Amino acid sequence: MAGRLILLTDLDDTLFASERSLPSGTTRTHMAAVDGDGKPLSWQTPQQQRLWEVFSSQADIIVPVTGRTSYALERVTLDFVSGYAVVSHGALLLHKGQLLPAWQQHLAPQQAAAATSIAGARQALSEILARQFPEVTLSLRELSDLEVPVYLSIKAPESLPPGLHQALLDVAVAHDLTLHMNRRNAAMRPAYTCKAATCDYLLEQVLNRQPEDTVIALGDSLSDLKFMAGSDMSVIPTRSQIWNQLEEHAQ
């Protein structure tokens, strides 16, 4: 018996990229996502589209594993086999758009404390920004998804200012949250917002992973590595945070 081919895949900057992220002159072959107003937002390059065609024609189960919320995932035009999805940086495990009942029971005892931590972090960060970075304007939002508090979103118009990283890390630690950060965005997340733990639960408890199964993971950022480590093989874009880190170590 050959077993199943199970694909766990990040979305943005892996299977497609927004207009903002695509280099100028890049060919756009397929519109992969729209914004909240229904306007084109993200596109696949010829290489991303080819990769998607190969995997989507062969995989038995395809699971998006994404920082997108459940409603942002609905704006993606790709078709994911099986109906399972790991969204909001791993906080929620969905099946056909609904929170899996067993996962809902897992989250319930933790939600009140998480909401308190996220609100406290927002207040502390607002005070630090006003005191230490008065020239910086950031968007701070306490995000909930399907009524579950999932993370504090921090966005800059262009890029997060130098020197802010330590302040973000200090606030996250003080409020028992973990910090995810890239050039333009950051997120402070409660413990249950974890792609790796959610993917592990999905593979072992829901999909009943067998030794004959083959699990392939796709991702681009360092925060994806933990969930990718649970796979048998991984695919990494060569224009990505992970690839850049590998190149630095190889030199």
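1. In this predicted model, Pro149 is in contact with Gln111, Ala114, Ala115, Ile118, Leu143, Ser144, Pro190 and Tyr192, once its neighbours within four places in sequence are left aside. Pro149 itself belongs to strand S10, which covers residues 148–155. With a relative accessible area of 10%, Pro149 is buried, because buried here means under 20%. As a separate distance to check, the C-alpha atoms of Pro149 and Gln110 are 9.7 Å apart in space, while the two residues are 39 apart in sequence.

2. Two packed helices are described by the angle between their axes and the distance between the axes. For helix H4 (residues 111–132) and helix H5 (residues 164–174), that angle is about 150 degrees, and the axes are 10 Å apart. H4 is therefore roughly antiparallel to H5, since angles over 145 degrees count as such. The handedness can be stated as well, as H4 passes H5 in a right-handed crossing.

3. Which residues make this contact between H4 and H5? On the H4 side they are Ala121, Ala124, Leu125, Ile128 and Leu129, and on the H5 side they are Leu164, Ala167, Leu168 and Val171. Sorted by class, the contact of H4 with H5 holds nine nonpolar residues, with no polar and no charged residues in it.

4. Ser70 lies in helix H2, which covers residues 70–73. Is Ser70 buried or exposed? At a relative accessible area of 9%, Ser70 is buried, because this value falls under the 20% cut-off. The side chain of Ser70 is joined to the side chain of Asp145 by a polar contact of 2.5 Å. Apart from neighbours within four places in sequence, the residues in contact with Ser70 are Val87, Leu94, Asp145 and Leu146, so a reader inspecting the polar contact will find Asp145 in both descriptions.

5. Thr9 is placed in strand S1, which covers residues 5–9, and Thr9 is buried, with a relative accessible area of 0%. Setting aside its neighbours within four places in sequence, Thr9 is in contact with Thr14, Leu15, Ile62, Val63, Pro64, Val65 and Leu218.

6. Most residues other than glycine have a negative phi. Lys96, although not a glycine, has a positive phi of about 55 degrees; Lys96 sits in the loop between strand S7 (92–95) and strand S8 (98–99). Lys96 counts as exposed because its relative accessibility is 66%, and exposed means over 50%.

7. Asn208 is found in the loop between helix H6 (195–206) and strand S13 (214–218). With a relative accessible area of 47%, Asn208 is described as partly exposed.

8. A last point concerns Gly25, which lies in the loop between strand S2 (17–18) and strand S3 (30–34). Gly25 is exposed, with a relative accessible area of 76%. How far apart are the C-alpha atoms of Gly25 and Pro101? They are separated by 46 Å, and the two residues are 76 residues apart along the chain.

Methods:
Residues are numbered from 1 along each chain as its sequence is written. This is a predicted model: local features need pLDDT of at least 70, side-chain atom pairs count only at pLDDT 80 or more; totals for chains, interfaces and linings use all residues. Side-chain values use heavy atoms; hydrogens and water are left out. Axes are lines fitted to C-alpha atoms, for helices over the stretch in contact, and angles run from 0 to 180 degrees between N-to-C directions. Helices (H or I, at least four residues) and strands (E, at least two) are DSSP runs, numbered from the N terminus. Angles under 35 degrees count as roughly parallel, over 145 as roughly antiparallel, 65 to 115 as roughly perpendicular and the rest as oblique. A crossing is left-handed if the near helix is turned anticlockwise from the far one by less than a right angle, and right-handed if clockwise. Contact means heavy atoms within 4.5 Å. Ala, Val, Leu, Ile, Met, Phe, Trp, Tyr, Cys and Pro count as nonpolar, Asp, Glu, Lys and Arg as charged, and the others, Gly among them, as polar. Buried means under 20% relative accessible area, exposed over 50%, partly exposed in between (1.4 Å probe, protein chains only). A polar contact is a pair of N or O atoms within 3.5 Å; within protein, one must be able to donate a hydrogen and the other to accept it, and residues adjacent in sequence count only if both atoms are side-chain atoms.
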